[in-house]
Amino acid sequence: MTYNKKSVEDIDVSGKKVLVRCDFNVPFKDGVITDTKRIVGALPTIEYLVGHGAAVILCSHMGRPHNVFNAELKLSKKEIKKIDELPENEREAATAAALEKAKGDITKLSLKPVAEKLSELLGKPVQMASDVVGPDAKAKAGALKCGEVLLIENVRFHAEEEKNDPAFAKELASMAEIYVNDAFGTAHRAHASTAGVADYLPAVCGFLIEKEISIMGKALNDPERPFVAILGGAKDSDKIGVINSLIEKVDTLIIGGGMAYTFFRALGNSTGTSICEEDKLDLALELIKKAKDRGVNFLLPVDNIIGREYKEDTTFMRIYSDSIPDGWMGLDIGEKTQELFAKSIEGAGTVVWNGPMGVSEWENFASGTRAVARAVAESGAVSIIGGGDSAAAVEQLGFADKMTHISTGGGASLEFLEGLELPGIACLQDK
Ligand code: AMP
């Protein structure tokens, strides 16, 4: 997928009301924002718009709230299932208690703390609306002057957001004259604030999305070679599509993490109690064949660190084999594999990496991911780290500043690499 989308620099924003979709889905602990990266990431676009005389209306989701702004409050499928499992005489009270608890999302998942932090970072007041498309947001948006900034409430407080309801998208659009999408993390979702709104307003991207698509687009379409892709993490099913499409582009494909064990099993090796997707064995063989036919250097682990149980402090040992004994599970790649992978990464021109090489959250099983992170950092290659767990691992292990680009969207970057159309980007105007 090649995108050549207009950005905020390609249109006249001066004197205009601009609705900007940001990704302010920041982590919290005890009511305090623990990581401001996403807010900091949004600053260049906001500052540009403010500096060019726009009145800036920001919106975002936060977490997975209940639809607290709809007339009928609904519980999630999971909550309903839990209540259904209770004895019949307890269900009514449990439903009432769950609905009461759900109302707490209004404060728990409010964007108000984001407005305060943003105001601090921007060095200017950021107004906060207590609703999304209600009277407060509309009044504040209506009165907003050039150079001022307003944040409206969590768009997911309305069920219509994730349903991409056209009437809701139109209401959102009615507050502005231009739409800017700068939330790469949700660009793979066709929601009202990420895509639907573009049906009603001229739509362009912000600097964050522009950077993501230009760096990842170049890597995919015109990579410095050799082009090495490293895929890891837990599930093959999430990444089969990416493996399939990357095989057509890369020179080397490295598979580590829990995903590797499905390939081990497909090749007839024992995998003990390692995670393994039995229904993907044929597909795994097809992918190995496709890689071979295309002359791709396809690398799997040759040794492993295995544990008794899926527990941080489980008994563990190294085995110099690509077969896992009964009663053990593979939780990290071994030293020989680290060397093998590092050698292939050494001379790379481009590296794309998504998914840790083992359970890197646990120190005993982090050395494989650390070794690969070091190899990527020292390779001098254009290095692109998919968001989510691989980005967290690279940061936690101290290699973040050595990478060319760490994507702000896990799911979105995977879909981009797979070549799928991202609705939040496809809806923007072409240059
Ligand atoms: P994903 O979301 O598919 O990228 O998976 C990331 C998760 O995969 C991380 O939480 C890792 O702990 C987990 N993971 C990596 N290797 C293994 C493994 N060998 N066994 C179980 N989980 C793993």
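Strands here are DSSP runs of E with at least two residues, and helices are runs of H or I with at least four, both numbered from the N terminus; two strands pair if DSSP finds at least two bridges between them. The model you are looking at is predicted, so to speak of local features a pLDDT of at least 70 is needed, side-chain atom pairs count only at pLDDT 80 or more, and totals for chains, interfaces and linings use all residues. Residue numbers start from 1 along each chain as its sequence is written, and side-chain values use heavy atoms, with hydrogens and water left out.

Let's start with the sheet. Strand β9 (residues 227-231) runs parallel to strand β15 (residues 350-354), and 5 bridges join them. Within that pairing, Val228 has Val351 of β15 as its bridge partner. Both strands belong to an open sheet of 6 strands with parallel pairing, ordered β11-β10-β9-β15-β16-β17. Because β11 (297-299) and β17 (405-406) each have a single partner strand, they stand at the edges and one side of each is left without a neighbour in the sheet.

Two backbone details are worth a look. The peptide bond from Arg225 to Pro226 is cis, with omega near 0 degrees, and Pro226 is placed in the loop between α9 (207-221) and β9. Asp30, in the loop between β2 (28-29) and β3 (32-33), has a positive phi of about 50 degrees although it is not a glycine.

Now for the ligand. Around the ligand are 16 residues, of which Ala234, Lys239, Gly330, Glu361 and Asp389 come nearest; a residue is near if one of its heavy atoms lies within 4 Å. By class, this shell has 7 nonpolar, 5 polar and 4 charged residues, with Gly counted among the polar ones and Asp, Glu, Lys and Arg as charged. The table gives polar contacts, pairs of N or O atoms within 3.5 Å.

| Residue | N or O atom in | Distance to a ligand oxygen atom |
|---|---|---|
| Ala234 | backbone | 3.0 Å |
| Lys239 | side chain | 2.8 Å |
| Glu361 | side chain | 2.5 Å |

Taken alone, the ligand exposes 510 Å², and the protein buries 85% of that, by the Shrake-Rupley method with a 1.4 Å probe.

Terms used
Polar contact = N/O pair within 3.5 Å; in protein donor to acceptor, adjacent residues only side chain to side chain.
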